[in-house]
Amino acid sequence: NGAGKSTLMKCLFGIYTRDGGTITMEGKPVTFSSPRDALDNGVAMVHQELNQVLRRSVMENMYLGRFPTTKIGMVDSRKMYNETKAIFDDLEIDVDPRAIIGTLSVSKRQMVEIAKAVSYNAKILVLDEPTSSLTEDEVEHLFRIMNRLTAKGVGIIYISHKMDEILRISDEVTIMRDGQWVATKAAKELTTDEIIRLMVNREMTNRFPPKNNKPGKVLLDVKNLSGMYEPTCHDVSFQLHEGEVLGVGGLVGAQRTELIESIFGLRALASGRLTIEGKEVRIGSPTDAMANHLALLTEDRKGTGLFPVLGVGENIYIASYKRIAKLLGYIDARECAALARKGIEDLNVKTPSARTPINSLSGGNQQKALLARWLLTEPEILLLDEPTRGIDVGAKYEIYKIINDLATQGKIIIVIS
């Protein structure tokens, strides 16, 4: 994370202006002044963070900036629907073009973005962490699409932290570290261990830290939990012991996220009971959840995690204001700075300073800042929804170690993956 992969691609795509060097396409030097310019010249990009107009339909998002029009200049909705449907049918994507895109799962929204990029008939397609929120079946589906495109002569730049995908789909691999080019080699000459060594500049013989937690007494008891509004979970029961990590798996649509959001008070309950340390609790809101020492790291860090206009430090201590509020509610700036410094150091967040806008960090460092935010609230029960999405192998190890350390301290953790 923070190696400069996305930044490099944004220079190609016309989002950033490069300070030096050349980009040559089909033998000619090119400089794109904007993403529109890049698209018009055959370069399309699917970004790591989805940038969609959530209250508009899928087909409107597909055709933003290029709406088909009738002879009198009106938007031709029928043509837009038919063309979107044809693209989805060709790519075997099961999404209604008229659906409001904000109602779709993150994985389906990701597939829509991939379809949108393909629809430009680009010569070069950049995919930045395209599988970070996809299931295995959807990953296979994406690879089939990629194979069809490369067979037609499309060049694909594929950014990922998933080594098995890199080795399987790539012809050659370029590794970057700290903004610098490290190596470019044929994929068949590389192994996963060699790529990781080049990425992190050290040997990583173990990708998971040793587990030394010992579960104790029952701390959380969930009985017959059902949400009120569909889609939701139905009649879910489980117990969690102090010092225990519970993994929750399932395909897209299995309502994993809905389950922990119901526990955290983000979704209304139709029935069920929550007991913490033998005492039944009623959690009707995230405020209630935090009062009962729960914390929730959401799956969609951009949509429901970050305050993108604020700095890294503010994003870290924003859930801890009650701890640092003084008489009459005044906030002590020095304590804020200390909390920000602690969060950055504890999670090894790579940032120029605590005041750096958080939306300028890489996705993995944004994720570590959000985890630092919740750890500062000193939770007893930590709910983590896809905590390592878009995070490199070294940072994953750090997060796994934090999870293990919390479990060793007697905390309980639910991990969705």
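**View 1. Cysteines and disulfides.** The structure holds 0 disulfides, a disulfide being two cysteine sulfur atoms within 2.5 Å. The model is predicted; local features need pLDDT of at least 70, side-chain atom pairs count only at pLDDT 80 or more, and totals for chains, interfaces and linings use all residues. Residues are numbered from 1 along each chain as its sequence is written, and side-chain values use heavy atoms, without hydrogens and water. Cys11 counts as buried because its relative accessibility is 19%. Cys336 is buried too, at 5%. Buried means under 20% relative accessible area, exposed over 50%, partly exposed in between (1.4 Å probe, protein chains only).

View 2. Glu83 and Lys79 pair at 4.0 Å, N to O. A salt bridge puts a side-chain nitrogen of Lys or Arg within 4 Å of a carboxyl oxygen of Asp or Glu. Both residues lie in helix H4 (residues 77-91), 4 residues apart, about one turn. Helices are DSSP runs (H or I, at least four residues), numbered from the N terminus. Glu83 is partly exposed at 30%; Lys79 is partly exposed at 40%.

View 3. Asp346 and Lys342 form a salt bridge at 2.8 Å, N to O. They sit 4 residues apart in helix H14 (residues 333-347), so about one helical turn separates them. Asp346 is partly exposed at 48%, as is Lys342 at 41%.

**View 4. Further salt bridges.** Arg56 bridges to Glu60, with the closest N and O atoms 3.0 Å apart. Arg56 is partly exposed, at 44%. Lys185, Glu194 and Arg197 are linked in a network of salt bridges. The count comes to 18 salt bridges.

Note on methods:
Helices (H or I, at least four residues) and strands (E, at least two) are DSSP runs, numbered from the N terminus.
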